[in-house]
There are 2 protein chains.
Amino acid sequence: MTKCTLHPLPSYLPSSGSSLKRTQRLAARPNSVTCGVMELQFNVSSARISRLDRSKVHLVYASWPRLAEEGARVAVEIPSKEYTRAVYIGMGGSASAGDIISDWLKSRRGPKLEVEKGTFQHSGMRGALVLACSASGNTSETIEGAKSALQRGATLVSICSGGRLEEFARKNGLYVVKIPRGSAPRYSLPHLLYSALKVLGKAFEINGLEEEVDDSLRALRETRTEIEVSTPIGRNPSKRLAASILNSVPKIYGSTVTRGVAFRFKNALNENAKKHAFADSTPELFHNEIEAWDGDSKGFTPVFLRHSREPHNEGRRIDSMIRMLRASRVKTVEERGSGETPLGELSTLTYLLDFASYYVAIASGSDPYPTPLLDVLKRGAD
Amino acid sequence: MTKCTLHPLPSYLPSSGSSLKRTQRLAARPNSVTCGVMELQFNVSSARISRLDRSKVHLVYASWPRLAEEGARVAVEIPSKEYTRAVYIGMGGSASAGDIISDWLKSRRGPKLEVEKGTFQHSGMRGALVLACSASGNTSETIEGAKSALQRGATLVSICSGGRLEEFARKNGLYVVKIPRGSAPRYSLPHLLYSALKVLGKAFEINGLEEEVDDSLRALRETRTEIEVSTPIGRNPSKRLAASILNSVPKIYGSTVTRGVAFRFKNALNENAKKHAFADSTPELFHNEIEAWDGDSKGFTPVFLRHSREPHNEGRRIDSMIRMLRASRVKTVEERGSGETPLGELSTLTYLLDFASYYVAIASGSDPYPTPLLDVLKRGAD
C-alpha cells in the first residue's frame, strides 16, 4: 500500500469554501462527463433496486418528510413542572434522535440533553424529565434505564411503537407518545426526532422551536426530490456521496453540531450497507485521530459534515485539516444540509446521508433491510 | 476484495474462554514455531528501535509503573464539602484518564464521573467537584471549560504540569495538583490517572480504593517485565498484539468497563503508530456496528477488550459475536489485563495496549514520538 505522508498547510491551496450553502456548492459542480462515468460505474438502476430492495426501503425513505410531519403533529401531554434536567435514554437508531437533538441544543446553548446509552447510572433524578425512546419498544437496555430512572424519582415519558416499554409505562400510569411501528426501528428516526422535540418543547422553553421545525419539514420535502431514486446521479447528492465512498472506508467527521449525525451515518452504513465505517468529531479528533492521516491512508475517505453553526474555531481547524489532506492527494468529501435553520440543516443532512447508505447497499449488491447478525444477538438476549 | 459473509452462531465452536485470566491464557499458548516466524516477520529489533525511536519513548513506557506510583503519592488538598457531582474535563490523552476512571466507577456503581470533552455545557454546578486535567496545561478547550465551571459555582481542582491552566488556577487561588512535565502529554497518563483517583478519593467515599491502587501498582510492575522491549515476542503480549494488527485495520471493541481503554488504544495507534483504527463499545455496538461484519471485512481485525467485571449480558453477547466471526474465518483477538482487582486489570490492559501501539510504530518504520499534523493544528489555535 502507498504511504501518503501529509505535508502540513500548503498556503497556495484555496479554502474549502465552507461558508457556502450546499445548494450553491452543488450549482458550482458541473453536471459533467465525470458524472456520466460515475453513473455508469455506479449501478443503482431501477431494475437492480427492484431485485435487491425486496422490502422497498427506498419507499420508506421517500416517506421521511411525511413521517417527520406526523412526529411533529403528535399529541403530547406531560406533567407541567419546573424541570431541572433532561435525559434521553435510547440505543442504536433510537439513540440517534437524542444525539441529534442534544447537539442542536448545545449549538444554541441549552437546555442540555444528556443522552444515555447502555447502563443507566444517574443519581439526583428528582426534577429530571427522562425520555425513554425505543422504536420497537423492546430494547432491553432502554427498558432497564426507564425503570431505574423512575425508581430514582424522575418524570418518565416513553416514546415507542408498543412493546414491553409501552406495557411497563401503561402499568405505571406513565405518559406514552405512541409512534407507528416502522418496517425496521432505524427507519423510524423522523418520528422519534420530531416527537421528542415536541416533548422537550412542552417541558422547557426553547426559543424558535416551532420556526425551526417548520423550516426543517419544508427542507426535508425539498431534499426528497433531490435525493430519491428517480433523480440521476448528476443532480443527486446522496448518490454522488455513495459513489465516492463505495470502494473505500469512510471516516466520517462531525463537529460539535454534527457529531450525532456523523455517528448516525456510520450506523446507517453498518446496517443498510453492511459496510465498515468510522465516526469521530471535532474538537476531540484534533487531539489524536488526525495523526492517523500521517500514515498509510490508502483506502480511506474522509467525509466532513459541515454546518453553518459549527463553532468558529472548529470550522477553521477543519478547513486547515482539509487543506492538509488535499495537499497530500487525499480525496476529501464535504457534506452539509440545506435547511435555512440549524435544525433544518441537521435533519436534511441526516436524510441525505441515510439515503446515501441505501445507495451504497444497492451498488454493492446487498439488500438494505435485513440485519441478520444483529437479530441473532438480540434474540439471544431479549 | 473477498466478501466474508458471516454465518450466525455455529454451536460446534468452543466458547472463547473469557473467564480465564490473561496469565492462564498466555500459558495455554505454546511458544511455538508460529511465534518464531512471527518474530522474524515482525521487526522490532533493538537496532531498529535505536534508529527509529529517537526520543526513547520505550524508556518512558518502561517508567510507567514509577509514574503511576508518583501519581498515587501526590499530595492532594481540596476543600472538604458534601459534593453532589463529579465532572472531569479533558481532551485527548488527558481525557483518557477520566474515561478509564469513569468506567471503573460505573462498574462498581458509583459515584458517577461525568467526562466532558469539547464545549462545556453544564448547569447546576454548585456542589460539583470539577477536575480540569491537561498534561500540558495549555489545552484551550480544558481551560475554557475550567473557567466556565468556576463561573457556575463549581469547586475546581486542576491537574497539570504548568501552563496557562496552572496560571489561571493560581491567579484565582484554586487547588492545583502539579504533575511533572512529560515528554509528550499522552505519555503522562499514569500521573493523571492516579492523581485524579486520589482527588476523587478525598472528595467521595470509594470503598476499597487504596487496595485497588496498591494492586494496580504491583500489577503494572509485573506487566512491565512481560511487555518491555527486551522480552521476546513469544512471551510478550504487546509485541504479539502489535504483530497481529500490523497489516490490518484494528476494530477495537470495549465493553461498558473497557470503553475508555478501547478509545485510548485507538488514540495511541493514531498518535504513536500513525495508524487508522476504530473503537466502539458494547452494548451499543450490538445495535449497529456488528452488522458491518456481514459485508466485506477483509483487512479488518476485531480486538475485544475483556474484563472480569464486564456485565454478564455483554460478556455473553461478546462470546457469541466472537463465535460468529470465527465461524466466518475472521481472525479475532482478545486481550485482558492481569491485575487481581478491577482497577489493576484496567491499568495493566491500558499499559499492554499502549506498548503494543509503540511496537506497531517501530515495526511499520515510524518514530512514535512526533505528531506533526496535530502540532500544526494546535499551533494554529492556541
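**Conventions.** I number residues from 1 along each chain as its sequence is written, with chains lettered from A and ligands numbered from 1 in the order in which they are written. Because the model is predicted, local features need pLDDT of at least 70 and side-chain atom pairs count only at pLDDT 80 or more, while totals for chains, interfaces and linings use all residues; side-chain values use heavy atoms, with hydrogens and water left out.

**Confidence.** I looked up pLDDT (the predictor's confidence in each residue, from 0 to 100) and found a mean of 89 for chain A, with 88% of its residues at 70 or more. Residues 7-20 of chain A fall below 50, and this stretch has 32 contacts (heavy atoms within 4.5 Å) in the model beyond near neighbours in sequence. Residues 25-36 of chain A also stay under 50, with 16 contacts beyond four places in sequence. I note that where pLDDT is low, the predicted coordinates should not be read in detail.

**Chain A overall.** I find 15 helices and 9 strands in chain A, taken as DSSP runs (helices H or I of at least four residues, strands E of at least two, numbered from the N terminus). Of its 382 residues, 65% count as buried, where buried means under 20% relative accessible area, exposed over 50% and partly exposed in between (1.4 Å probe, protein chains only). Among contacts in chain A between residues at least 6 apart in sequence, 78% join residues at least 24 apart.

**Interface.** I see 66 residues of chain B and 65 residues of chain A in the contact. The buried area (accessible area, 1.4 Å probe, that two parts lose on being put together, summed over both) is about 5700 Å², with carbon and sulfur atoms giving 60%. I count 6 salt bridges between chain B and chain A, each a side-chain nitrogen of Lys or Arg within 4 Å of a carboxyl oxygen of Asp or Glu. I also looked up the pair K266(B) and D280(A), whose side chains meet in a salt bridge at 3.7 Å, N to O. On the chain B side, the elements that each supply at least two residues include α6 (92-107), α12 (259-273) and α15 (372-381). Of these, α15(B) gives the most, with 8 residues.

**Around helix α14.** P342(B) is found in helix α14 (residues 342-363) of chain B, and I class P342(B) as buried because its relative accessibility is 7%. P342(B) touches W104(B), E212(B), H307(B) and R309(B), leaving aside residues up to four places away in sequence. The C-alpha atoms of P342(B) and S308(B), 34 residues apart along the chain, are separated by 7.4 Å. In chain A, T341(A) sits in the loop between β9 (333-335) and α14 (342-363); T341(A) is buried at 15% relative accessible area and touches E212(A) and D215(A), with the same exclusion of residues up to four places away.

**Backbone checks.** I recall that most residues other than glycine have a negative phi, and most peptide bonds are trans. A cis peptide bond joins T282(A) and P283(A), with omega about 5°, and the bond from T282(B) to P283(B) is cis with omega near 0°. K56(A) has a positive phi of about 55° and is partly exposed at 45% relative accessibility. R329(B) has phi near 65° and is exposed, with a relative accessible area of 79%.
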